Amino acid sequence: MPILPIVVIVDVDPDWRIFGAAGAPQKGEMRWEGLRRGVPNLLRLVEGLRDSRGGSVRFTWMLRSDAQIEMAYGDPAHVADEFADFWDAREALGDEIGWHPHTWRYSESGQFWFQENRDVDWVTSLLKDGHSALSRRFTIRVAKTGWTYHDNTTMKTFAELGVKIDFSALPGMRYRGVIPGTDHPLGQYDWSRAPQEPYHPRVDDYQMPGNGHALPILEVPNWTFPTGILRRLSHSLRGGRSWREFADPAKNPRLVGQGFRNPPYSVPFVCYFHPEETIGPPWIFNAVHVAQNLRLLLRSCERRGIQSHFVAGSELAANFR
Ligand SMILES: [Zn+2]
């Protein structure tokens with residue numbers, strides 16, 4: 001009987017992900033209502049869900065630790081301390097804590113925040129500082145980048161920092177957003193050539209499995225699936241987005257149910273959402289959808305004769321060497 005490992009990732013961002021777009025951050029401007037209010041509700045909603053072994057949902061919480069959080073709170077890993085009791089309790093239940101660095105950079109001249117991905121030295125030093133601050137609280141085995149962005153340098157830096165598994169890849173998808181009226185990146189990533197199977201990336205091409213010259217880090221891609229015809233139309237009208245999407249469990253099953261109803265046989269099922277989505281309007285994002293989508297997934301596994309296993313992110317390391 002095939003086994004499907006299921007990894008449920010939470011990108012622990014503040015509620016307004018494009019926070020501070022209009023000005024410099026000040027302490028108190030970031031809101032964490034999704035984490036304070038939505039997540040406890042979510043945990044109650046998924047309480048009864050069990051995989052084929054009788055295991056409950058395991059979450060992998062990716063915590064922000066980067067320059068923007070440091071600017072707002074004076075410490076890149078502030079989120080680790082502010083919610084320390086919650087992380088401790090979740091770890092005791094078998095969840096895992098990982099790292100979610102965003103390369104938000106403030107443009108003094110433009111007075112806006114953008115996604116830095118061209119100033120390699122600045123990005124590398126941000127990653128080292130963010131990692132060092134968070135590793136004082138947790139052993140970081142798993143990570144996922146902000147906007148799911150990677151390039152050859154960031155992937156190599158993750159590997160050098162000792163991250164065992166990266167969960168950023170969105171196979172078949174890419175996005176090249178900019179801040180309107182500027183050429184400053186926002187939301188950019190490129191996984192158009194990445195496979196759905198876990199792989200050790202090439203040193204000179206983060207999207208491709210290495211052959212002899214691979215990095216020690218394992219890339220485990222998120223589960224992506226083809227968008228429906230109506231969604232394709234709206235995607236192409238909005239311009240430039242890929243004709244695939246990732247399985248966001250907080251999204252209304254009418255929009256993403258297909259991804260959960262047709263699970264893979266031979267690769268892990270990796271999905272992610274954000275705390276703010278648990279308090280979103282039910283027609284699109286809400287905590288109830290997480291329970292509904294995961295239930296759909298468990299039932300589909302049962303029907304297809306696949307064993308479902310909820311696992312914490314780093315447990316996959318044993319399956320792929
Ligand atoms: Zn994020």
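This report walks through the fold of one protein, from its overall shape to a few of its parts.

The model is a predicted one: local features need pLDDT of at least 70, side-chain atom pairs count only at pLDDT 80 or more, and totals for chains, interfaces and linings use all residues. Residue numbers start from 1 along each chain as its sequence is written.

**The whole protein**

Let's begin with the big picture. The protein has nine helices and 16 strands; helices (H or I, at least four residues) and strands (E, at least two) are DSSP runs, numbered from the N terminus. Its radius of gyration is 19 Å, close to the 20 Å that the globule rule gives for 321 residues, so the protein is as compact as a globular protein of that length. That radius is taken over C-alpha atoms, and the globule rule is 2.2 Å times the number of residues to the power 0.38. The C-alpha trace spans about 55 × 45 × 45 Å along its principal axes.

Of the 321 residues, 45% count as buried. A residue is buried if 20 or more other C-beta atoms lie within 10 Å of its own, exposed if 12 or fewer, and partly exposed in between, with C-beta atoms placed from the backbone. Serine 125, in helix α5, is partly exposed, because 13 other C-beta atoms lie within 10 Å.

Now look at strand β2 (residues 59-63). Five of its five residues are buried, so β2 is largely enclosed by the rest of the structure. Phe59, Trp61 and Leu63 are buried on one side, and Thr60 and Met62 on the other.

Leaving aside neighbours within four places in sequence, the contacts of isoleucine 9 include Thr60, Met62, Phe167 and Val270. Two residues are in contact if their C-beta atoms, placed from the backbone, lie within 7 Å.

In helix α6 (residues 152-160), the buried residues are Thr154, Met155, Thr157 and Phe158. They cover an arc of only 160 degrees around the axis, which puts them on the same side of α6; the arc is that of the directions from the helix axis to the C-beta atoms. These residues pack against partners including α5 (120-135) and β11 (205-209). Just after α6, glycine 162 takes a positive phi of about 95 degrees.

Helix α9 (residues 287-304) has 18 residues and reaches 26 Å from its first C-alpha to its last, close to the 26 Å expected at 1.5 Å a residue; the expected span is 1.5 Å times one less than the number of residues. Among the buried residues of α9 are Leu294, Leu297 and Cys301. Their cover includes β1, α1 (33-45) and β16 (307-310). Just after α9, glycine 305 has a positive phi of about 70 degrees.
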